[in-house]
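Here is a friendly walk through one model, written for someone who likes to know the cut-offs behind each term. Please keep the viewer open as you read.

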Amino acid sequence: MPPRRTRTALPTLLAVATLLGCAESTPFDLVIAGGTVVDGTGAPGERADIGVRGDRISVIGDLSGAEAERTIDATGLVVAPGFVDLHAHLDPLLRLPSAESHVRQGVTTALGGPDGGGPLPTGRHLARAESLGVGMNVAFLVGHNRVREAVMNLEDRAPTPAELAEMEGLVAQAMGEGAFGISTGLKYLPGAFSDLDEVVALSRVAADSGGFYTSHLREEGTGRTPGLSLLDGVSEALEIGRRAGIPVVLTHHKVVGQPLWGQAQTTLAMIDSARAAGTDAMIDQYPYTATYTGISILVPAWAQAGGDDAFLERMDDPALADSILADIEWALINDRGGNDLARVQFARVSWDPTLEGATLGDWAEREGLARTPANGARLVVEAMRRGGASAIYHALSEDDVTAIMTHPYTAIASDGRLTQLGEGHPHPRWYGTFPRVLARYVREEGVLGLEEAIRKMTTLPADRIGLPERGRITAGAFADLVLFDPDTVADEATFQDPHRYPSGIPFVVVNGVVTVDDGVFVDLRPGRVLRRSPGG
């Protein structure tokens, strides 16, 4: 392969005019030459040059005679639309506006506010991000959990008519300020205390503004409550879509816990059935067999009603404490605990950073305890007493991951939080989601073809958000581009050593600006804060 290089092309104006016509006779700001262009639609890649003027793709074709301020030699590289992350935790954006951990993966647009956690008030947050400048394009959802907590705190009951109207007003306000839809985290507080009618009512408000609905399902595994499991969670999300008349994303779709492994085929059939009946349903997914969330996910929701102080008061009641510990023990055996304390790996532990990267089993041994679910449950409560922690849960099946990935309506999404080198012990998806798909599931295992994988990272999520000028390579689209070597692109982050940037992605372009330049990140912040236009 010829060495990659940058160069300045200086052909005559006559040659450019002959090639492109008089309307294209002015020099390009950027030409990407000699790469294999995969446009994001799923069509086969073709060798072509791309000419960029300002923040837009101007021409795709043979630009060998064109003048340009800068030319990047993309020989041997794939040139794809910048990846669009449909599920990103952008909470640290105001602290980490450059978004380097995402941009280095080739992500040029990310949707924040998932799992019910969208910023509130939305407009103020967008304005603050805009004032800082951002390294990639960012968009946001309004979060049901934030809305409910603002009106009802952490109360375990249905809203009054007045409270529901107030929540509807907050959703409408957020949509008017630019939110692209509504997210729920029905496994988390206080979303776990809501019922179907409440979520439908709020989703209708988002639908009225042209928004869509994403859901961390009420249950992703067997479920503590009889009659509430993964299949019930999927059914509820699809029913919300049908009743509210809103497009649906089953976000970070997965099958949690060994008792349900293999159920992906059933959930995918449910989605196909809903689509056939008229519900616009799809999925997003990260390509790993481990989840990441707070340690409180192992604690029953009812025990956390009213907040941390109320939880600790319940633990002081022997009868309630026994029930809580039994519930946590059940979760360690049947749900995210994977029936092995070694499957719960600490990620962020503010009160004892030495536990970061260690497992719940390691902590038990350090305390002189046997690695039993009962002892694990007591340590979970102790972690809650000390302020909580986040953890990685190795509780998924590779067979379910690949089954979900190959569904035509599954988008690739990171579920990753913006981070920086050395900060805690994150899930490797925060650094490696998109290159991992290209390396493991395309090049090594052939689970996806290259063009299909790129479609799942670009046009599919961009179209769901409602961004027709992003996530594709076509004349007139925004110049969000990623250049990668299909033979060497790889995720380098691991569960043991997560703070590693990917390899094989030498160039990333955001709105026409080269922000990863021959492998070097340049903090130019060319991204935009995106807002949904009124009425969609």
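## Helices, loops and charges

Ala244 is found in helix α7 (residues 230–244); helices here are DSSP runs of H or I with at least four residues, strands are runs of E with at least two, and both are numbered from the N terminus. This is a predicted model, in which local features need pLDDT of at least 70, side-chain atom pairs count only at pLDDT 80 or more, and totals for chains, interfaces and linings use all residues. Residues are numbered from 1 along each chain as its sequence is written, and side-chain values use heavy atoms, with hydrogens and water left out.

Ala244 counts as buried because its relative accessibility is 9%; buried means under 20% relative accessible area, exposed over 50%, and partly exposed in between, with a 1.4 Å probe and protein chains only. Leaving aside neighbours within four places in sequence, Ala244 is in contact (heavy atoms within 4.5 Å) with Val200, Ser203, Arg204 and Ala207. The C-alpha atoms of Ala244 and Ala206 are separated by 9.1 Å, though the two residues are 38 apart along the chain.

Ala66 sits in the loop between β4 (56–61) and β5 (71–73), and is buried at a relative accessible area of 2%. Not counting residues up to four places away in sequence, Thr402 touches Tyr441 and Val447.

**Backbone points to check.** Most residues other than glycine have a negative phi, and most peptide bonds are trans. Leu120 and Pro121 are joined by a cis peptide bond, with omega about -5°, and Pro121 lies in the loop between β9 (107–112) and α3 (122–132). Another cis peptide bond joins Leu189 and Pro190, with omega about -5°; Pro190 is in the loop between β12 (181–185) and α6 (196–208). Asn153 has a positive phi near 55° and is placed in the loop between α4 (144–152) and α5 (161–176). For Asn339, phi is positive at about 60°, and this residue is partly exposed at 48% relative accessibility.

**Charged pairs.** A search of the whole structure finds 36 salt bridges, each being a side-chain nitrogen of Lys or Arg within 4 Å of a carboxyl oxygen of Asp or Glu. Three of them are tabulated here.

| Pair | N to O distance |
|---|---|
| Asp517 and Arg70 | 2.8 Å |
| Arg371 and Asp362 | 3.1 Å |
| Asp415 and Arg429 | 3.0 Å |

Asp415 lies in the loop between β19 (410–412) and β20 (416–417) and Arg429 in helix α15 (residues 429–444), so this pair ties together parts that are 14 residues apart in sequence. Both Asp415 and Arg429 are buried. Arg371, in contrast, is partly exposed at 37% relative accessibility, and Asp362 is partly exposed at 33%. A network of salt bridges links Asp55, Arg56, Glu469 and Arg528.

Which residue is found in the loop between α10 (308–315) and α11 (318–334)? That is Asp317, partly exposed at 33% relative accessibility.
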